Number of protein chains: 2
Amino acid sequence: MADSDTGDAALDSLSVVSRAVELTVERIPDTDADAMRAVLLLHRVVNVLSYDLESSVHRPRGWSWPAFRLLFTIWVSGKQESKNVAALSGMSRAAVSSLTNTLEPMGLLTREVDPTDKRKMLLALTPQGSAELETALKANNQRESMWAGALSPAELGGLGTALEKLASVAQSEWVNKRD
Amino acid sequence: MADSDTGDAALDSLSVVSRAVELTVERIPDTDADAMRAVLLLHRVVNVLSYDLESSVHRPRGWSWPAFRLLFTIWVSGKQESKNVAALSGMSRAAVSSLTNTLEPMGLLTREVDPTDKRKMLLALTPQGSAELETALKANNQRESMWAGALSPAELGGLGTALEKLASVAQSEWVNKRD
DNA sequence: AGCTATTCGTCAATAGTTTTACGATCGGGT
DNA sequence: ACCCGATCGTAAAACTATTGACGAATAGCT
């Protein structure tokens with residue numbers, strides 16, 4: 001039955017996930033407990049991680065997390081049409097349009113109509129944008145490194161390969177994707 | 001230099017992450033490549049996974065993803081004060097307040113002032129809310145299982161232990177958390 | 001008991017994102 | 001050459017979540 005118990009009852013992530021999985025398996029027998037556990041942990045870790053990176057690295061620099069992600073995407077892919085930047089960064093076309101409206105006046109990127117197809121808008125970093133991104137990227141990576149420091153090399157490797165597989169699942173036909 | 005190359009240039013997640021890491025290591029030598037790779041993949045996988053679960057399981061049912069998360073939290077923890085539900089589900093107190101304003105008229109949960117402390121609001125699922133949540137939970141877990149199906153048991157286990165460690169890092173002193 | 005500082009939920013304001021719709025542009029078939 | 005359908009970026013509107021501030025209520029100290 002498990003009624004209230006308004007008392008404290010451990011509020012930390014790990015025990016909550018454990019209790020959630022146990023309770024679910026108990027009430028819904030044919031549950032894939034391992035899958036559930038992994039997905040719950042994934043969400044919880046990414047939630048805290050994102051907030052930590054944004055609040056400790058990017059906000060103090062005057063950037064939002066999506067802004068960093070957008071600039072980083074252009075930095076990696078080079079001058080790109082807006083549509084591709086959206087797909088690569090995982091945001092909608094409208095969000096890219098809106099964000100670049102903010103970033104362009106800041107002198108971080110340029111918007112240029114594609115001469116070969118006037119519908120397309122080519123986005124590129126300015127030298128200043130590139131420089132600032134590299135500084136932010138460095139700070140970002142240092143913070144990532146602190147997080148990863150808790151894992152042994154073997155664990156980190158295992159995490160990587162598992163995530164790679166999931167990333168390839170993400171491209172499957174049956175997965176619902178934006179657009 | 002790596003200029004434009006507006007041509008196609010593989011848009012899938014994996015190659016993008018790989019190119020991003022390689023490029024970064026090349027331009028910023030003292031980069032923790034493994035940490036960067038893991039964090040990038042983490043974000044990308046969770047992004048697609050969240051969207052897939054929400055759009056294929058919860059939206060068709062008339063629920064948003066946060067609504068599911070909130071109801072699930074109460075389902076697991078039993079009748080709880082609003083503050084705890086917020087902490088457990090990873091949302092702000094205001095968001096919980098706002099969400100419950102929507103969910104209560106739908107007959108999914110009840111709000112009751114704590115008799116022993118009239119500041120507190122106790123949230124509990126109605127029988128209907130509990131029943132609907134279990135249905136949604138079952139569908140959700142089946143979808144999770146499809147994702148996890150791509151991983152071998154060993155890989156899934158490795159993913160779990162790595163995520164557990166990261167979840168414990170998330171509770172470290174130096175990590176910036178909400179509130 | 002009385003006073004003060006803290007805690008809790010909610011409201012208002014803000015910011016960011018998605019959805020929908022539209023104008024501009026391009027490509028292909030006739 | 002001319003349409004018709006599709007594609008691209010953007011603007012407007014609806015929605016959601018976050019922050020800060022406030023009223024109600026409580027706990028601790030004197």
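Predicted model: local features only at pLDDT ≥ 70, side-chain atom pairs only at ≥ 80, totals over all residues.
# A walk through a paired structure on DNA

Residues are numbered from 1 along each chain as its sequence is written, and chains are lettered from A and ligands numbered from 1 in the order in which they are written.

Where does T31(B) sit? Look in the loop between α1 (13-27) and α2 (33-58) of chain B. Helices (H or I, at least four residues) and strands (E, at least two) are DSSP runs, numbered from the N terminus. T31(B) counts as partly exposed because it has 19 C-beta neighbours inside 10 Å. The cut-offs are these: a residue is buried if 20 or more other C-beta atoms lie within 10 Å of its own, exposed if 12 or fewer, and partly exposed in between, with C-beta atoms placed from the backbone. Now find W75(B): T31(B) and W75(B) are 44 residues apart in sequence, and their C-alpha atoms are 43 Å apart in space.

Next, step back to see a whole chain. Chain A has seven helices and three strands, and along the sequence they follow the pattern α-α-α-β-α-α-β-β-α-α. The radius of gyration of chain A is 21 Å, well over the 16 Å that the globule rule gives for 179 residues, so chain A is more spread out than a compact globule. This radius is taken over C-alpha atoms, and the globule rule is 2.2 Å times the number of residues to the power 0.38. The C-alpha trace of chain A spans about 65 × 35 × 35 Å along its principal axes. Of the 179 residues in chain A, 39% are buried.

How do the two chains meet? In all, 75 residues of chain B are in contact with 75 residues of chain A. On the side of chain B that touches chain A, at least two residues each come from α1, α2, β1 (80-81), α4, α6 (127-148) and α7 (153-169) of chain B. The largest share, 18 residues, comes from α2(B). By class, this side of chain B divides into 34 nonpolar, 21 polar and 20 charged residues. For this count, Ala, Val, Leu, Ile, Met, Phe, Trp, Tyr, Cys and Pro are nonpolar, Asp, Glu, Lys and Arg are charged, and the others, Gly among them, are polar.

Now zoom in on helix α5 (residues 93-103) of chain A, where V96(A), L99(A), T100(A) and L103(A) are buried. Seen down the axis of α5(A), these buried residues fall within an arc of 100 degrees, so they line one face of the helix; the arc is that of the directions from the helix axis to the C-beta atoms. An α-helix has 3.6 residues a turn, so residues three or four places apart point the same way. The buried residues of α5(A) pack against α3 (65-77), α4 (82-89), β2 (109-113) and β3 (121-125) of chain A. One of them, T100(A), counts as buried because it has 22 C-beta neighbours inside 10 Å. Not counting residues up to four places away in sequence, T100(A) touches L109(A), R111(A) and L123(A). The face turned away from the buried side carries the exposed residues A94(A), N101(A) and T102(A).

Finally, follow α5(A) to the DNA. Around DNA strand C there are 20 residues, and the closest are P66(A), A94(A), S82(B), K83(B) and S97(B). A residue is near a strand if its C-beta atom, placed from the backbone, lies within 6 Å of it. α5(A) gives the most to the surface near DNA strand C, with four residues. That surface has seven nonpolar, five polar and eight charged residues.

What comes nearest to DNA strand D? Of the 22 residues around it, these are S82(A), K83(A), S97(A), P66(B) and A94(B). The largest share of the surface near DNA strand D, four residues, comes from α5(B).

Terms used
Contact = placed C-beta atoms within 7 Å.
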